[in-house]
Amino acid sequence: MSTGTQDAAKPPTILQKIYAQRQLDVDAAKSTPGTRPEELETYLQMGLAPSLTSFVVRLKSNPSTRTANPSLSLMAEIKRASPSKGDIAPLVNPAQQALLYAQSGASVISVLTEPTWFKGSLTDMHLVRKAVDALPDRPAILRKEFIFSEYQIAEARLWGADTVLLIVAMLSQEQLQRLYAYSVRLGMEPLVEVNNAAEMARALEVGAKVIGVNNRNLHDFSVDMGTTSALVDMVRERDVVLCALSGIQSPGDVKVYKEQGVNAVLVGESLMRASDTKRFIKELLAWPDA
């Protein structure tokens, strides 16, 4: 992990705790008959992975795209819990939630697959994909995960993802480049997540086409909505789809990002807590009536 040498007197950050646990989880999966790395590779070679939709293309289209006043696209997240908030919607049916998001105009459905802190799973993602698979121009499916291994990307592809999350803060540049290239080789343009200018420069160096600026610092989970705003200029003249991640709660948040040139927002907790999800999405993004 590229977060630096851990001071023996300093407790591990949340990100470091999650990373350590996910290493154990992945090791267990790799040693389980049926999900060993060589078996996943065989499944891929047999063409058993489902068809893909373009993450980049879907992000560039939403219910307002062809109107006189186009707004941002939505990455709608399915999140049962989080380290900072605890339980959010522990009993949510991910397939039903995904269908609701798709019918509300979401371009992407983000599915947390981390089990310990976020209470997600690959099964959740598989069922989400099945729920929207027959829809015309279906949303792209994002595996929202703490990825450090090609194995996790192969899992994502086989279980129905169209894209995966790569978090710059937890990867060396060599890892980032290698995992980015592997994902693209499987047909999935990744969402590359950054939190500061140095990480943005690293994302641009690998050629990322979709960059998400996380307003939440993954080491202490504090949120600063100005994080995205501070990095907009680094991609303004580039062919990059820029997304704001975390903390988006109101139409005012979206309006600011739209004016700054952001292309999409990822919203999780606010959607999971909304009493009328379709209405909340329409008002949040200022989308026209369907």
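A: A definition comes first: helices are DSSP runs of H or I with at least four residues, numbered from the N terminus. The model is predicted.

Q: Which residues in H8 are buried?
A: H8 covers residues 197-205, and Glu-199, Met-200, Ala-203 and Leu-204 are buried in it. These four lie on the same side of H8, because they cover an arc of only 140° around the axis. In an α-helix there are 3.6 residues a turn, so residues three or four places apart point the same way.

Q: What do the buried residues pack against?
A: The buried residues of H8 pack against strands E7 (191-194), E8 (210-214) and E9 (241-245), and against helix H9 (226-231).

Q: Which exposed residues are on the face turned away?
A: Ala-198 and Glu-205 are the exposed residues carried there.

Q: Changing topic: how many aromatic pairs are found in the whole structure?
A: The search finds two. One of them is Phe-118 with Phe-146, a tilted pair with 5.9 Å centre to centre and 35° between the planes.

Q: Where do those two sit in the chain?
A: They are 28 residues apart, in distant parts of the chain. Phe-118 is in the loop between strand E4 (108-112) and helix H5 (122-132), and Phe-146 is in the loop between strand E5 (140-144) and helix H6 (150-158).

Q: Is Phe-118 buried or exposed?
A: Phe-118 is buried, with a relative accessible area of 6%. Phe-146 is buried too, with a value of 6%.

Notes: Residues numbered from 1 in each chain as written. Predicted model: local features only at pLDDT ≥ 70, side-chain atom pairs only at ≥ 80, totals over all residues. Heavy atoms only, no water. Buried < 20%, exposed > 50% of the residue type's maximum accessible area, 1.4 Å probe, protein only. Arc of directions from axis to C-beta. Contact = heavy atoms within 4.5 Å. Phe/Tyr/Trp six-rings, centres within 6.5 Å; stacked < 30°, edge-to-face > 60°.
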